[in-house]
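Keep the structure open beside you as you read.

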Amino acid sequence: MKAFNKIAVNGKYPSIEESSDIPELLIQLVGHLSQKPFELYIEEKTQKQINLDGVQSISLKDIGSKVDLAIIVGGDGTLIGVARNMVHSDTPLIGVNQGRFGFLADLNTNSMFSNIDTILNGEFIEDKRMLINTKIMRGNKKVYESLSLNDVVIKSGVRLIELDVIINDAFVHRQRSDGIIVSTPTGTTAYALSAGGPILHPNLDAISIVPISPHTLSNRPIAVNAESQINIKIINMNEAYASIDGQIKFPLDIRDVIQISKAKESISILHPKDYCYFEMLRNKLNWG
């Protein structure tokens, strides 16, 4: 059983225009955890929203090295942003859903306290999720590198982009499209799903490659072993960018080759003992 002694709480930062119950929910959660024998921290930007006295602040970059568990209140995007900052630690995450879907941040706010208490008592399922590493090479120079929990998207601006897809040094095809999505199993319920890609169970050691509105309809999504080296070479473009988890955009150049591979790092999400991936899909996707 994993022992938790130091816990950090992190919340989404609502915009001024955005109506949100997150600050009140965070205050309730911190109050609940303060009654328990844990050393409690609040991520510093989250602390500015709720302004609670008597609770230590901690920077996002320090959470992974200084706490045993991070609880994130928000949506999947909030959890993904925190996770990318913690990939070099073994600190697991719990996600409380205040977003639209909650494929990752799966705890319901109505049963949040009881589920968190159960997990803190050692009754949980540990869900390891793979990441992918993206390098953008311009000539022989690496101009960008980042990790993704969901996906990397190569997307055109105004016009179609022409790409070569190469896997393990074998040419696969050339496509003209609005772009391409290279996704982890986690990301197959995100943008890749909207683009017609398959849902891959998180336990699969695989990566999906999904064209976005291909000019040739025979260009179909494929899944490959996660140990594959995937290279995407830009052949022709007007304007394009690489998007990392939908949160970071990097402008691309006609000379660029995007190199994508499985990362050595992973993240761990904790679920209650009764968590079932297929039940989650049924509920989120309104399956019968």
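## Where H1 meets H5

In this predicted model, Leu 25, Gln 28, Leu 29, His 32 and Leu 33 of helix H1 touch Met 112, Phe 113, Ile 116, Asp 117 and Leu 120 of helix H5. Sorted by type, the residues of this contact are seven nonpolar, two polar and one charged.

How are two packed helices described? H1 covers residues 22-34 and H5 covers residues 112-120; their axes lie 11 Å apart and form an angle of about 40°. H1 is therefore oblique to H5. The crossing of this pair is right-handed.

## The largest pocket

Now to the empty space. Rolling a probe the size of a water molecule over the atoms shows where such space is left. The largest pocket holds about 820 Å³. Its lining counts 35 residues, and those closest to the pocket centre are Gly 75, Asp 76, Gly 77, Arg 100 and Phe 101.

Which element gives the most to this lining? Helix H4 does, with four residues. At least two residues each come from H4 (76-84), strand E8 (151-156), helix H6 (191-194) and strand E15 (240-244). By type, the lining of the largest pocket divides into 16 polar, eleven nonpolar and eight charged residues.

## A cavity to look for

How many cavities of 30 Å³ or more does the structure hold? There is one. About 40 Å³ of space lies in the largest cavity.

To find the largest cavity on your screen, select its lining: Phe 103, Leu 104, Arg 129, Pro 185, Thr 186, Thr 189, Pro 202, Tyr 277 and Met 280. Six of these lining residues are nonpolar, two are polar and one is charged.

Key. Residues numbered from 1 in each chain as written. Predicted model: local features only at pLDDT ≥ 70, side-chain atom pairs only at ≥ 80, totals over all residues. Heavy atoms only, no water. 1 Å grid on protein atoms, 1.4 Å probe; cavity = no way out; pocket = protein on both sides within 12 Å on 5 of 7 lines; lining within 4 Å. Points joined across faces, edges and corners; volume = space filled by probe spheres on them. Nonpolar A, V, L, I, M, F, W, Y, C, P; charged D, E, K, R; others polar. Axes fitted to C-alpha atoms, helices over the stretch in contact; angles between N-to-C directions. Parallel < 35°, antiparallel > 145°, perpendicular 65-115°, else oblique. Left-handed = near helix turned anticlockwise from the far one by under 90°. Contact = heavy atoms within 4.5 Å.
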